[in-house]
Amino acid sequence: MNMTGKFITLDGVDGAGKSTHIAFVADWLRRQGREVIVTREPGGTPLGETLRELLLHRDMDADTELLLMFAARQEHLAQLILPALARGAWVLSDRFTDASYAYQCGGRGIAAERVAALEAWVQRGFSPDLTLLFDVPPEVAEARRSAARAADRFEREAELFYNRVRQAYLDRAQADPQRIRVLDARHTIAELQAEITRLLQELA
Ligand code: TYD
């Protein structure tokens, strides 16, 4: 496929503040004259949003959770992400496959080989051009989460779970430092925006 757009993902533990920054990234790119699509995972398509409701609110086996994440991702890639990139749009996704490694492997303890097998099946070598990883110590994230709206299944997990999720994200960043850029989410919004702008300029 002749792809001209770029795929940027934002990720990190719940409460790291990535949602604040996705609008900034979209605005910045639009000011450069790019067509920008903002989307999220799990979700991004009508079927994916239905799966999201189940994933966030229904109890299920950890492998079922992983499989549904990738079912939603398959639909997302086929219906939205790949067609948008093919016509030259830039796609921003609030979470992507790094979240499956962090939450389902790090958090739930599923073997990484399982995620890797699904990733190969669904993505066929495709991966983001840039991932902004918002990193924050679990106690800071926890305080931000409790200040927000009612908690979903993931947000009700204990601090130990979030320590493992965070570590899994950091391990992924260490293994692929070119794609995954770690941002310290304790910095001010202005500092983070300056750093994000620098990273976008490298890519644009
Ligand atoms: P989140 O971005 O936190 O939504 P919101 O900001 O509206 O609360 O995403 C929902 C949850 O889904 C989040 O707790 C992490 C989880 N998740 C996984 O466990 N695995 C995945 O592959 C993805 C994409 C998300």
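Which pocket is the space taken by the ligand? I looked: the ligand's space is the largest pocket.

I am working on a predicted model, where local features need pLDDT of at least 70, side-chain atom pairs count only at pLDDT 80 or more, and totals for chains, interfaces and linings use all residues. Residues are numbered from 1 along each chain as its sequence is written, and side-chain values use heavy atoms, with hydrogens and water left out.

**Terms for spaces.** I used a 1 Å grid over the protein atoms alone. A pocket is an open set of points with protein on both sides within 12 Å along at least five of seven lines. A cavity is a set of points where a 1.4 Å probe fits but cannot get out. Lining residues have an atom within 4 Å of a point. A molecule sits in either one if more than half of its atoms lie within 2 Å of its grid points.

**The pocket.** I read a volume of about 700 Å³ for the largest pocket; a volume is the space filled by probe spheres set on the points, which are joined across faces, edges and corners. It has 33 lining residues, and Asp-14, Lys-18, Arg-95, Arg-149 and Glu-155 are the closest to its centre. Helix H1 (18-31), H2, H3, H4 and helix H6 (138-147) each give two or more residues to this lining. Helices (H or I, at least four residues) and strands (E, at least two) are DSSP runs, numbered from the N terminus. By class I noted 12 nonpolar, seven polar and 14 charged residues. Here Ala, Val, Leu, Ile, Met, Phe, Trp, Tyr, Cys and Pro count as nonpolar, Asp, Glu, Lys and Arg as charged, and the others, Gly among them, as polar.

**The ligand shell.** Next I listed the 17 residues around the ligand; Asp-14, Lys-18, Arg-95, Ser-100 and Gln-104 come nearest. Near means a heavy atom within 4 Å. The shell divides into six nonpolar, two polar and nine charged residues. H4 has the largest share, four residues.

**Polar contacts.** I checked pairs of N or O atoms within 3.5 Å. Ser-100 has a polar side-chain atom 2.6 Å from a ligand oxygen. For the Arg-95 side chain, an N or O atom is 2.8 Å from a ligand oxygen. For the Arg-52 side chain the value is 3.0 Å, again to a ligand oxygen. The protein covers 92% of the 550 Å² of accessible area that the ligand has on its own, by the Shrake-Rupley method with a 1.4 Å probe.

**Backbone.** Most residues other than glycine have a negative phi, and most peptide bonds are trans. Arg-95 is not a glycine, but has a positive phi of about 80°. I place Arg-95 in the loop between strand S3 (90-94) and H4. The peptide bond from Glu-41 to Pro-42 is cis, with omega near -15°. Pro-42 is in the loop between strand S2 (36-40) and H2.

**The cavity.** How many cavities of 30 Å³ or more are there? I count one. Its lining is Gly-12, Val-13, Leu-133, Phe-134, Asp-135, Val-136, Arg-166 and Tyr-169. Strand S4 (130-135) and helix H7 (159-175) each give two or more residues. S4 gives the most, three.

Methods
Polar contact = N/O pair within 3.5 Å; in protein donor to acceptor, adjacent residues only side chain to side chain.
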